[in-house]
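Please read them with the structure open beside the text.

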Amino acid sequence: MTSLLIARNESQPYSTITNTSKNDSGCIIDDRALRIPLAVVYSLMFVFGMVGNSLALYVFLFIHPKKNSVRVFLINTAIADLILIICLPFRIVYHSANNQWMLGTVFCKVVGNVFYMNMYISITLLGFISVDRYIKIQRSSKSYKLQRTRWSTRLCCLIWVLSTAAIIPMIVLSEGNETPGKCFHYKHRKYAKGKAYFNVFLIVVFWIVFASLVLSYGKIAKKLYQVSKDKPDLPNAQKYSRTAKKSFFVLFIFTVCFVPYHIFRCVYIWSQISDPNCYWKNIIDKTNEIALLFSAFNSCLDPVMYFLLSGTVRRTTTDLLCLSSHANISTTNSSTSDCRPAIVSQVSTNTRISFSLVNQCRCGRSTTNQGQVYQPTQKSLH
């Protein structure tokens, strides 16, 4: 039966092979099972990731003007996540169109390599954030902070330049194993091992970054817990304890998203440069696609990290949710809402009576005993 299917597919042009892809070893990779689930999950990731990272980038660029090295790394991480998310609609269209690619081989390589480039840029930047936070706990000199800000900017520029230079050969040079009409699919690299070795290098980079995260956040949490335990009377003792817990949560997000993919990635690369049987190739291909979902999901969870690390992001998000809740409540039932109008009458000595409508809202405005309205200043939002 398998030989008949292979003979039938070989007699048809590539454009009519809609549900399977054939590599140069003659193995048929059946990619029908995950087609719809992948399209649905990537669509949800696109929506939530675009909203969360756009909000975070807006806060970092326009609402929080304070410059420090962590802010520089967070801005670049949000940009990398947004570029990765922009690649998702192409995957969504590909899986929705019965796994058929209509935009040419070169553009397929552009989308695929840009997707992976920004994923590893995000991984690298998260590693630098952990190291930077640990160093700042150990050393707090003002001049050192300014130096770190300059160096963090230069370091981010270097990362972008090196990453772009690394993917250009991947896009321009032909590997000889491209399949017309297919993209994001399993490729055999038995005779084209260059990219396989480069993927091994990326795996090594990941485990180095992961080790730095474990060591940095572990020492950060240990130090903060120790301070809160030794000096419980300090005003910020409880805050130190909460910060330590947040550090572990950031490490948890990183572990869940990236560790399964990079553990299995070794098996995937081995299958590309060796020649396992067709059954195992199909199993490996499907497992790799599921593991890749977890890695892409990190672009949606990074805004959660921004929410934990940045007080400005927390306050801005809370304000937006409060304003949205206020608008919904006021349109449905203005008489019983929390942000209900209060009419304050003021009688002047000249017997002039004026009535003013003051919005007494818990989300931002409050009324004093004398009827004066208090409006929070811009400084309180930072």
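1. What volume does the second largest pocket have? The model is a predicted one, and in it the second largest pocket has a volume of about 900 Å³. Its lining is made up of 43 residues, and those that lie nearest the centre of the pocket are Tyr116, Met117, Tyr120, Phe198 and Leu202.

2. Which elements give two or more residues to the lining of the second largest pocket? They are helix H4 (105-138), helix H5 (142-172), helix H6 (194-230), helix H7 (237-273) and helix H8 (278-309). The helix that gives the most is H4, with 12 residues in the lining. Sorted by class, the lining of this pocket comprises 24 nonpolar residues, 10 polar ones and nine charged ones.

3. On the annotation, the unreviewed UniProt entry carries the label "transmembrane region" for residues 40-61, 73-94, 114-135, 155-176, 196-217, 248-270 and 290-309. For two of these stretches the model can be set beside the record. Over residues 73-94 the chain is 100% helix and 0% strand, with the end C-alpha atoms 32 Å apart; over residues 114-135 the chain is likewise 100% helix and 0% strand, and here the end C-alpha atoms are 31 Å apart.

4. How do the axes of helix H3 (residues 69-96) and H4 cross, and within what distance do they come? The two axes come within 8 Å and cross at roughly 155°, and, since angles over 145 degrees count as roughly antiparallel, H3 and H4 are therefore roughly antiparallel to each other. The crossing of this pair is left-handed. In the contact of H3 with H4, the residues divide by class into 20 nonpolar, five polar and five charged.

5. H3 also meets H2, the axes of H2 and H3 coming within 8 Å and crossing at roughly 155°. That angle makes H2 roughly antiparallel to H3, and the crossing of H2 and H3 is left-handed. By class, the contact of H2 with H3 holds 19 nonpolar, six polar and four charged residues.

6. How many cavities of 30 Å³ or more does the structure hold? There are five, and the largest cavity has a volume of about 150 Å³. This largest cavity is lined by 17 residues, with Asp31, Asn99, Phe184, Asp285 and Glu289 lying nearest its centre. At least two residues of the lining come from each of strand S2 (28-30), helix H2 (35-63), H3 and H8, and H8 gives the most, with three residues. The lining of the largest cavity divides by class into seven nonpolar, four polar and six charged residues, so that a reader inspecting this site will want to look at the charged side chains as well as the nonpolar ones.7. Which residues line the second largest cavity? About 60 Å³ of space lies in this cavity, and its lining consists of Leu126, Leu213, Tyr217, Val250, Ile253, Phe254, Asn298, Asp302 and Met305. H6, H7 and H8 each supply at least two residues of that lining. By class, the lining of the second largest cavity has seven nonpolar residues, one polar residue and one charged residue.

Definitions and conventions:
Residues are numbered from 1 along each chain as its sequence is written. This is a predicted model: local features need pLDDT of at least 70, side-chain atom pairs count only at pLDDT 80 or more; totals for chains, interfaces and linings use all residues. Side-chain values use heavy atoms; hydrogens and water are left out. On a 1 Å grid over the protein atoms alone, a cavity is a set of points where a 1.4 Å probe fits but cannot get out, and a pocket is an open set with protein on both sides within 12 Å along at least five of seven lines; lining residues have an atom within 4 Å of a point. Grid points are joined across faces, edges and corners, and a volume is the space filled by probe spheres set on the points. Helices (H or I, at least four residues) and strands (E, at least two) are DSSP runs, numbered from the N terminus. Ala, Val, Leu, Ile, Met, Phe, Trp, Tyr, Cys and Pro count as nonpolar, Asp, Glu, Lys and Arg as charged, and the others, Gly among them, as polar. UniProt positions are given in the numbering used here, feature names are shortened, and annotations may be inferred rather than shown by experiment. Axes are lines fitted to C-alpha atoms, for helices over the stretch in contact, and angles run from 0 to 180 degrees between N-to-C directions. Angles under 35 degrees count as roughly parallel, over 145 as roughly antiparallel, 65 to 115 as roughly perpendicular and the rest as oblique. A crossing is left-handed if the near helix is turned anticlockwise from the far one by less than a right angle, and right-handed if clockwise.
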